[in-house]
Amino acid sequence: MVIAAGADYYKVLGLGRSATEKEIKKQYKLLSKKYHPDKNPGNKEVSDKFVEVAAAYEVLSDKEKKGIYDRYGEEGLKQQQQQGHGGFHDPFDIFSQFFGGGGSRHAHAEQERRGPEIRMELEVTLEELYSGKLIEIEVSKQIVCPHCSGSGARSSGDVVTCSECQGQGVKIVKHMLAPGMFQQFRQTCDQCGGKGKTIRAHCPVCHGTKVQRGSEQLTIVIEPGLADGSTIVFDGEGDEGPEVNAGDVVFEVRTRPHATFERRQDALYTYVTITLEQALLGFDLEIKHLDGKVVKLTRGQEVTPFGFVQTLKGQGMPIKGSRGDFGDMFVEYKVAFPEKLSKDQRRLLELAFEVKSPFDEALGGAAVHQQQQQVLHDEM
């Protein structure tokens, strides 16, 4: 990844040097969506900006890299890379991980107290799974009260030391076992719940609950070839709490039924009905693919029997993770037979197949052998 020399990463993200981790993350979310190439096709200047924003976020969101950059600037980062600490990652990988990549924090999940997970189904079209898409979704969730920052108090001065336990969070309780004999044990303070602090006046916004309902706009990356049933995980974008890390938001992909195509892994299946004439004499037909392009269906002088399956190589779904590879398309033909044949059509078919029809049109479709039996009976 090539970055413009002397880039000011704080300026790239539109932030000051005192920006917090939360502000850096928020600004990256905003700018990466704004400059994503899919939203600005063919615009090289915007694509370069997308790369710059990804590089700035990668540095400023990493404590070690940020520390080096803050002290020694870009030269310090270059020296670190020369010492074998690696360069920049693919900006699209960063975007995908950020917008639904998931997995980066799960290794520490057992050591963290985390909020509940929010799971939702995401219904997408087969066209979106074929071509890929960015989908904006607003998620309703619990957030830490922005007025009191999760303290539950009207102001910082309203958080006071618990008078019951003197700030210890526990108190000593004596229990008499017998006259003159006592058992002494520690017990969580029921006044402050073990926190050592109590609130004198509650926050006027959350009324002491420390949280309130809010929403977050998430950008979901639907990669070409994504499988039905896949999960897209947003780390730490779930319900927030003042004393726990936010849980995850998990989307489970569900594909809407399609009028023309059926997906089976990386293959596409479809059914095409042809006439008896086309089945016998061949045809040139066209169908529209999921991206609107025309797919030609050709059968020359070959007979196409009912149920015949034609394979079109490379016309299936994109194979996720490959470099432009596609599965195959399978077209199954159904033959529509005419309800009735005219006298001329029957005669032509008799000539073509060198056969005599077992039915006589002059007798209203009566079988010829039945006619012969009737004549013999009359003569007797």
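Two strands count as paired if DSSP finds at least two bridges between them. Helices (H or I, at least four residues) and strands (E, at least two) are DSSP runs, numbered from the N terminus.

Before the details, a word on the source. This is a predicted model, in which local features need pLDDT of at least 70 and side-chain atom pairs count only at pLDDT 80 or more, while totals for chains, interfaces and linings use all residues. Residues are numbered from 1 along each chain as its sequence is written, and side-chain values use heavy atoms, with hydrogens and water left out.

Strand E4, residues 170-178, runs antiparallel to strand E5, residues 181-188, and eight bridges join them.

Leaving aside neighbours within four places in sequence, Val170 is in contact (heavy atoms within 4.5 Å) with Cys165, Arg186, Gln187, Thr188 and Cys189. From Val170 to Lys195 there are 25 residues in sequence, and 8.6 Å in space from C-alpha to C-alpha.

Next, a sheet. Four strands form an open sheet in the order E10-E11-E15-E14, with mixed pairing. E10 (262-264) and E14 (309-312) are the edge strands, each with a single partner strand, so one side of each has no neighbour in the sheet. From one strand to the next, the twist averages 30°. Angles run from 0 to 180 degrees between N-to-C directions, and axes are lines fitted to C-alpha atoms, for helices over the stretch in contact. E14 and E15 (residues 329-336) run antiparallel and are joined by four bridges. Thr311 is opposite Phe330 in E15.

Last, two helices. H2 (residues 21-34) packs against H3 (residues 44-60) at an angle of about 165°, and their axes are 10 Å apart. That makes the two helices, H2 and H3, roughly antiparallel; the cut-offs are under 35 degrees for roughly parallel, over 145 for roughly antiparallel, 65 to 115 for roughly perpendicular, and oblique for the rest. H2 makes the contact through Ile24, Lys25, Tyr28, Leu31 and Ser32, and H3 through Phe50, Val53, Ala54, Tyr57 and Leu60.
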